[in-house]
Amino acid sequence: MTVTHVVFFLMAAFTVGASLLVVLAKNIVHCAIALVFAFFGVAALFVLLDAEFLAAAQVLLYVGGITILLLFAIMLTSRISAGGVKIMNEQVGIAAVVVLAIVGLLTYANLKGFPALVPPLTMSDNTASIGKLLLTTYVLPFEVVSLLLLAAMVGAIILARRERGKD
């Protein structure tokens with residue numbers, strides 16, 4: 001077993017542990033913090049797969065953007081911090097059955113394997129070409145998504161202020 005294998009299994013265990021905390025923690029702020037760690041674990045797995053662009057996008061978009069947006073929404077909404085909020089719901093049994101089915105399928109795929117229909121493609125370093133495309137051809141959709149996230153954050157602030165005004 002090489003060092004890369006050991007690091008992979010450690011990062012996979014770290015990511016699964018953080019993901020379990022996201023689902024099972026009682027405090028929603030702790031869930032959001034655990035989500036940050038899960039996103040970092042996925043980014044580390046992308047680095048181990050030699051997908052540096054995906055790792056950077058994971059950190060910039062999910063850790064830097066989406067999680068901060070979620071934390072703002074959590075902290076600005078007064079109903080979440082109220083005492084009567086129910087954390088668990090009645091769909092836990094169905095979710096457990098689906099998770100067990102997925103684990104069974106992944107275990108089967110890991111043990112038996114699926115035959116490759118075509119040989120894997122070899123790709124050159126695409127990070128520079130993806131960056132060039134993002135800042136030239138796809139700059140408009142990139143900016144539209146950033147405006148959409150900004151509008152969502154402003155909407156969360158306005159809704160939180162209206163709810164506080166009623167209380």
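## Basis

Helices are DSSP runs of H or I with at least four residues, strands are runs of E with at least two, and both are numbered from the N terminus. The model is predicted, so local features need pLDDT of at least 70 and side-chain atom pairs count only at pLDDT 80 or more, while totals for chains, interfaces and linings use all residues. Residues are numbered from 1 along each chain as its sequence is written, and side-chain values use heavy atoms, with hydrogens and water left out.

## Helix α2

Helix α2 covers residues 28-48, 21 residues in number. From its first C-alpha to its last, α2 reaches 30 Å, close to the 30 Å expected at 1.5 Å a residue; the expected span is 1.5 Å times one less than the number of residues. After α2 comes Asp50, with a positive phi near 60 degrees.

Buried positions (under 20% relative accessible area; exposed is over 50%, partly exposed in between; 1.4 Å probe, protein chains only) in α2 include Cys31, Ala32, Leu35, Val36, Phe39 and Leu45.

## Aromatic pairs

Rings of Phe, Tyr and Trp (its six-membered ring) pair if their centres lie within 6.5 Å; planes under 30 degrees apart are stacked, over 60 edge-to-face, and the rest tilted. The whole structure holds three such pairs. One of them joins Phe14 and Phe37, edge-to-face because the centres are 6.3 Å apart and the planes stand at 85 degrees. Phe14 belongs to helix α1 (residues 3-24) and Phe37 to helix α2, so this pair ties together parts 23 residues apart in sequence. Phe14 is partly exposed at 38% relative accessibility, and Phe37 is partly exposed at 42%.

Phe39 and Tyr62 form a tilted pair, 5.1 Å centre to centre with 40 degrees between the planes. This pair links helix α2, where Phe39 lies, to helix α3 (residues 52-76), where Tyr62 lies. Phe39 is buried at 16% relative accessible area, whereas Tyr62 is partly exposed at 39%.

## Second largest pocket

A pocket is an open set of points on a 1 Å grid over the protein atoms alone, with protein on both sides within 12 Å along at least five of seven lines; lining residues have an atom within 4 Å of a point. The second largest pocket holds about 430 Å³ of space. Its lining has 13 residues, of which Ala57, Leu60, Leu61, Leu134 and Phe142 are the closest to the centre.

Helices α3, α5 (127-135) and α6 (139-166) each give two or more residues to this lining, and α3 has the largest share, with seven.

Definitions and conventions:
On a 1 Å grid over the protein atoms alone, a cavity is a set of points where a 1.4 Å probe fits but cannot get out, and a pocket is an open set with protein on both sides within 12 Å along at least five of seven lines; lining residues have an atom within 4 Å of a point. Grid points are joined across faces, edges and corners, and a volume is the space filled by probe spheres set on the points.
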